[in-house]
Amino acid sequence: LASPSIFKRSSFFEKETTPRIRKPRDHKTGQSYIQHTSVHTMLRAAGRRLPQLCPQSVSISEHVALYSSGGAGRVDYAIVKDSRSHGVAEDVLRMVPDTRPSPDALRAGSVLLKMLAAPINPADISCIEGRYPLHPESEEAACRPGFEGVGVVEAVGPGVTRFKPGDLAVPIEAFQGTWRTFATVNENHWYRVPGDLSLSTAATLSINPPTALRMLEEFVELKAGDAIVHTGGNSSTGKYILQLAKNRGIRCISVIRDRPAAERRAIEKELVEFGADVVVTADELGDAVRSWPHGRPKLGMDCVGGQTTLEVAKVLAKDAVLVVYGGMSRQPLQIPPGSLIFDNITVKGFWLTGGYAQMKHGSRAKELLVDRVIALFRQKILKPAQVECMPLAEWRRGLELYRSSHTTKVLLTNYEEDVCL
C-alpha cells in the first residue's frame, strides 16, 4: 500500500500537523474554541480557567508531561455496568470513583495504566446493548466498557518485559475497559506505541485505520485507476479508506446520507480533499456511476445496510466483491438477485476484532498491522481523525455528542478540568 521507505525511522518523528477540530461550547460564554496552542502554553496559563481544549497536534509525550505536572486536583472515575445488564447506555452505565491500584500489588505479567483518552465507538455501544457477538471471559471485563484508547504505563509487575514506566500503550485485545482512569491489564493484551504520535491518533489507532487498510488489501487486487465505492463516506473509517485509496491512485465514490445543502457542500468539499472523486447519496449513486468515465467499481464496502446496500450492489462491476463491515441502519441487507446471478458479485463480511480473536497468533498479527498504520501516519499518508474531547466525568454528554455528530470521534479524556473540560 505504501513504499518500503515508510518503515525507515528517519523523518517520521516530526510532529504531526492536524486539521482543525470542533469543540463543545463554553458554558459561560456560549463560544466554541479551536485549539492550536502547545501544551507548554497551557502550562503557562496555570491558575486561569481555560476554555474547552483538546490539544490534538501535540505528541502524547507532551500530554503525559502535562498530566504529571503539578496541580493534581483530579477526581478519578470509572464507567461501569452490571455484568448481566444490557440496554441503552445511559440506563445501564454508572460512574463510580476509581482508586489508583497500588503498584506493589501488581501480579506477574500485569501493567498499571493511567488512561489518557478513549473514544466512543459503535462496537462499544453494541456491547453495552448486548448485541456484540464476542463475550468477555471474566465478570470484571463484562462490567467495563471501552474497546479502544491510549494509556501511559505507571508501573509494571514482576516478569513484565514488554513495558516500562512511561511507555504509551494501546489495546490489541477486546474488552479492555478503557472508559476509566486506571487499568491493571495483562501486558500481552496491550502494545507499546511511540510517544510522538498525537493523542487523537494513538487513542483511535487500533480499530478504524486497520479496518480500512485490510479491506482495501484483502478482497480485491486493486491497481491505480481502478474504482471502488464505499458507504459511510464521512465516517472515520470512510475517511481512512479515501486517504489510502488516494495514495494508491484508486478512484473512489463516497456515499453519504442526504442532509441540508450547506452541510452537504462542506462534507463534499472535505471528502474530495481526502480523495473522493464523487460524493453522492445512495439515491444518486446509479446515475453517478453511469455518467463517470472510470468504469464500474471492482470493490464495494458497506457499513450501512438496508436499501443503501442494494444501491451499492447494483453499480458493482462483474465479478466484484461487496464487503459488509457494519449495519448502522439496523436494516437487513438488500442484494438484487441480478447482481449475484448475472454479474457474479461476491458478498463477504469483515470483522476486524473477531477475525483476530479467532486466529492462533492474532495478537502478533494485530501488532504488525498497528505498526503499519503508525508508519502511514508518520509518512502523512493518513491524517489524524477529527475528535471532540469530553471529560470522562461527563460521559453522558459524550454519548449525546456521539449520537449527534456524524463527522467526528468523541474522546473521553482523563485530564484536569482546566485542560479539557
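User: What percentage of the 421 residues of the protein chain count as buried?

Analyst: The share of the protein chain that counts as buried is 55%. Here buried means a relative accessible area under 20%, exposed means over 50%, and partly exposed lies in between (1.4 Å probe, protein chains only). This is a predicted model, in which local features need pLDDT of at least 70 and side-chain atom pairs count only at pLDDT 80 or more, while totals for chains, interfaces and linings use all residues. Residues are numbered from 1 along each chain as its sequence is written, and side-chain values use heavy atoms, with hydrogens and water left out.

User: Why is Val387 called buried?

Analyst: The relative accessibility of Val387 is 0%. Val387 belongs to strand 14 (residues 387-391); helices (H or I, at least four residues) and strands (E, at least two) are DSSP runs, numbered from the N terminus. The C-alpha atoms of Val387 and Ser200 are 6.6 Å apart in space, although 187 residues separate the two in sequence.

User: Why does Gln176 count as buried?

Analyst: Its relative accessible area is 9%. That value falls under the 20% limit, and therefore Gln176 is buried. Gln176 sits in the loop between strand 5 (168-171) and strand 6 (182-186).

User: What makes the pairing of the Gln176 and Trp190 side chains a polar contact?

Analyst: The two side chains are joined at 2.7 Å. A polar contact is a pair of N or O atoms within 3.5 Å; within protein, one must be able to donate a hydrogen and the other to accept it, and residues adjacent in sequence count only if both atoms are side-chain atoms. The distance of 2.7 Å lies within that limit, so the name applies. Beyond its neighbours within four places in sequence, Gln176 is in contact (heavy atoms within 4.5 Å) with Gly146, Pro171, Val185, His189 and Trp190.

User: How do you know that helix 11 is mostly covered?

Analyst: In helix 11 (residues 307-315), 7 of the 9 residues are buried. They are Thr308, Thr309, Leu310, Glu311, Val312, Ala313 and Val315. Among the elements covering them are strand 8 (227-230), helix 10 (285-291) and strand 12 (321-324).

User: Which residues touch the most other members of the largest nonpolar core?

Analyst: Ile228, Leu299 and Met301 do so, in a core of 55 residues. Helix 14 (residues 362-378) supplies the largest share of this core, 6 residues. A nonpolar core is a set of buried Ala, Val, Leu, Ile, Met, Phe, Trp, Tyr and Cys residues joined through side-chain atoms within 4.5 Å. Apart from this core lies another, of 20 residues, including Val229 and Trp292.
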